[in-house]
Amino acid sequence: MKFVFYTHSLISDWNHGNAHFLRGVMRDLQRRGHETLALEPEDAWSRTNLVSDQGPAAVERFHQVFPQHRSDFYDEAFDHEAALGDADVVIVHEWTAPRLVESLGRIRRKGAGFTLLFHDTHHRAVSAEGDIASLMLDDYDGVLAFGQTLRERYLRAGWGKSVFTWHEAADDALFRPLPDVEKSGDLIWIGNWGDDERSAEIAEFLIRPARDLALKTMVRGVRYPDHALDELRNAGIAYGGWIANADVPAAFARHKVTVHIPRRPYVEHLPGIPTIRVFEALACGIPLISTPWADVEHLFTPGRDYLPVGNGEEMKKSLRAVLFDTDLAASLAETGLATIKARHTCRHRVDELLEILANCGTSKITAKLQPWEAAE
């Protein structure tokens with residue numbers, strides 16, 4: 001089958017974590033013999049910022065690291081109907097322009113043979129509800145929501161015909177332990193600043209504990225304002241700026257522990273949805289300490305897969321425990337990795353996607369699924 005993904009960007013992961021997941025999903029679809037294509041806007045802000053920040057070499061590096069992935073650009077003159085003429089499945093990300101979301105629905109309504117799915121991996125359904133409510137989803141065959149609470153929000157609001165939970169996951173072909181890499185630091189956090197959505201949490205759970213424990217700490221990410229960089233510098237924390245997702249496993253391998261600091265809208269309004277960094281960190285076998293979030297879907301086992309903490313003092317105690325108790329660190333790394341391999345890889349999500357497509361009831365899709373895929 002041919003899968004087409006409308007994404008903000010596949011090429012750039014600058015402040016765009018969904019690219020991580022799509023690359024892994026597309027990789028696994030290709031492994032099963034399917035064809036994949038990403039379509040991204042010509043003026044995507046993520047790719048524009050990446051080139052401005054890192055230069056064109058960053059785009060060239062993407063093609064070197066992911067030669068199997070094809071991504072085409074579209075502009076106002078692009079003929080979407082013609083481009084989708086041979087598509088079997090079209091998945092449209094929620095950052096796609098509303099007019100295009102509606103236009104793709106009209107193409108489906110006119111009798112196009114593909115299954116059309118809308119994919120939401122953000123908190124705008126609660127933080128900017130009007131933006132999602134205004135989208136025309138009546139002609140979509142289904143909605144993929146990256147958490148059960150988000151699915152329930154769609155169902156309550158009556159957005160879309162059918163809504164399915166489809167969590168993100170780790171591309172374990174890329175994210176894996178690298179035991180031969182020598183440790184050179186204590187703590188690493190990979191995450192973007194996030195404006196006011198977690199600035200207080202970054203100070204409480206990262207900056208102050210790292211300063212008080214005098215840890216050799218590295219922060220990677222983008223959109224850090226000057227005052228945030230000053231806070232890091234004053235705490236003795238190194239800031240490395242943007243990091244290509246392909247380089248993250250080696251960065252994790254060079255450090256002894258990492259932390260999870262979710263954005264406030266997820267904690268307060270969309271419990272059960274971790275960032276993709278949780279899946280990726282555990283897949284790399286690095287011990288993880290998490291700030292408060294409600295794992296209402298039981299994706300992980302707190303205390304075994306990661307250590308939960310409720311405040312900055314607990315974070316300091318847990319960091320000290322992981323750094324000085326090698327048995328604890330090894331146990332966390334082992335169980336976290338085992339959970340990812342058992343439940344949370346892109347392979348698992350493709351299994352789920354193929355089951356969703358079968359449940360959508362489109363005869364063209366069901367007929368094209370191989371017997372082992374329909375049963376997975």
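**Glu 94 and the overall fold**

Modeller: In this predicted model, Glu 94 sits in the loop that links strand 4 (89-93) to helix 5 (98-109).

Colleague: Why is Glu 94 called buried?

Modeller: The relative accessibility of Glu 94 is 0%. Buried means under 20%, so Glu 94 counts as buried.

Colleague: Which residues does Glu 94 touch, leaving aside those up to four places away in sequence?

Modeller: Glu 94 touches Phe 118, His 119, Asp 120, Thr 121, His 122, Arg 124 and Ile 132. A contact here requires heavy atoms within 4.5 Å.

Colleague: Turning to the whole chain, what does the secondary structure come to?

Modeller: The protein has 18 helices and 13 strands.

Colleague: What makes the protein as compact as a globular protein of that length?

Modeller: Its radius of gyration is 21 Å, and the globule rule gives 21 Å for 376 residues. The two values are close, so the protein is as compact as a globular protein of that length. Along the principal axes, the C-alpha atoms fill a box of roughly 65 × 45 × 40 Å.

Colleague: What share of the contacts between residues at least 6 apart in sequence join residues at least 24 apart?

Modeller: That share is 74%.

Colleague: And what is known of the surface and the charges?

Modeller: The protein exposes about 15500 Å², with 49% supplied by carbon and sulfur atoms. There are 42 positive and 55 negative charges, and their mean positions are 2 Å apart.

Note on methods
Residues are numbered from 1 along each chain as its sequence is written. This is a predicted model: local features need pLDDT of at least 70, side-chain atom pairs count only at pLDDT 80 or more; totals for chains, interfaces and linings use all residues. Side-chain values use heavy atoms; hydrogens and water are left out. Helices (H or I, at least four residues) and strands (E, at least two) are DSSP runs, numbered from the N terminus. The radius of gyration is taken over C-alpha atoms; the globule rule is 2.2 Å times the number of residues to the power 0.38. Accessible areas come from the Shrake-Rupley method with a 1.4 Å probe; for residues, only the protein chains shown count as cover. Lys and Arg count as positive and Asp and Glu as negative; His and the chain ends are not counted. The place of a charge is taken as NZ of Lys, CZ of Arg, CG of Asp or CD of Glu. Buried means under 20% relative accessible area, exposed over 50%, partly exposed in between (1.4 Å probe, protein chains only).
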